[in-house]
Amino acid sequence: MSEKEKLLTIGQFAALHGINKKTLMWYDEIGLFKPAAINPENGYRCYNYHQSPILETILLLRELNVSINEIQTFMHNRSAQNLKCLLDEKIADLDRSIMHLQAVRKTLCSHRQDMITLLTMNLSEISIIEKEERHLVTVDIDQNTSFEKEVELITAETVKYQLGRLHDASYGSMIPVSSLQSGNFDDYTKLFIEIPSLPSKNGLHIQPKGLYLRAFHKGSWEGIPMRYQAILDYAKSHSLTLSGFSYEKGINETVIDQIEDYIVQIEIPIQS
């Protein structure tokens, strides 16, 4: 008799596949996976090596959260075509899960970077940093756009891009550099949403790669114009030309209780 034809006890077969023998007993009871033979002397279940690929397929499907009913349906109609269809469906589910986890990881990394910035920044400093290109979802606003309307616009975009939770993205506002240079420090024209994982980047606003002036403002919004004036003065004294938009976002909402502690990060592209 071939070594592979020899029968294994339920304990041996379970150990071979890294599972509890009670799992095999349950699979037998529900008719999902039967033993190769029953020992006539003691009634113990016995299995052979050739059953291993079938059990491993069942275990793989269970690992992919395929229901017992789905697996039973497949086992009763087992074929290459049916297995392919089932695997196609589960691979698509897995790909969606991977994309979601990658997006969650990117969001967590962004929040962690905000905390690192909080722990290391100098609030009074204006610095030059380098940034990579980013694609942002934006909505148009003006000085007459109410807060309720802004919420409505943001909500519509989160639905459009199938954003599961608000914390799956970061948010901010944009004001044209030309408005700042004209002294219109409240001329916000866009809100932005940075979504970690986007199916398509067509039609999105591109925040350009390159050097940026970075500064911070702590406290109420009434003080932001003074901060912008300081940024403009810094750029002029260092012969820097600013361009495009100023990008603002709060970086400490999750760790404060009062608006007086709110910190806005301001980043403005430097024209090369």
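Which element gives the most to the lining of the largest pocket? Before getting there, a word on what you're looking at. This is a predicted model, where local features need pLDDT of at least 70, side-chain atom pairs count only at pLDDT 80 or more, and totals for chains, interfaces and linings use all residues. Numbering starts from 1 along each chain as its sequence is written, and side-chain values use heavy atoms, with hydrogens and water left out.

Let's start with the sheet. Eight strands form an open sheet in the order β4-β9-β11-β10-β6-β7-β5-β8, with antiparallel pairing. Strands here are DSSP runs of E with at least two residues, helices are runs of H or I with at least four, and both are numbered from the N terminus; two strands pair if DSSP finds at least two bridges between them. β4 (127-131) and β8 (205-207) sit at the edges with a single partner strand each, so one side of each has no neighbour in the sheet. From one strand to the next, the twist averages 35°.

β4 is joined to β9 (residues 210-218) by five bridges, and the two run antiparallel. Across that pairing, I129 stands opposite Y212 in β9. Helix α8 (residues 224-237) packs on the sheet, touching β6, β9, β10 and β11 (contact means heavy atoms within 4.5 Å). The direction of α8 makes about 145° with that of β9 (axes are lines fitted to C-alpha atoms, for helices over the stretch in contact, and angles run from 0 to 180 degrees between N-to-C directions).

Now for the pockets. On a 1 Å grid over the protein atoms alone, a pocket is an open set of points where a 1.4 Å probe fits, with protein on both sides within 12 Å along at least five of seven lines; lining residues have an atom within 4 Å of a point. Points are joined across faces, edges and corners, and the volume is the space filled by probe spheres set on them.

The largest pocket holds about 1,100 Å³ of space. It has 33 lining residues, with Y171, G172, S173, E253 and Y262 nearest its centre. Two or more residues each come from α5 (80-120), α6 (147-160), β6 (170-176) and β10 (245-250). To settle the opening question, α6 gives the most, with six residues.

The second largest pocket holds about 530 Å³. Its lining counts 25 residues, and S110, K131, R134, E194 and K249 are the closest to its centre. Here α5 gives the most, with eight residues.
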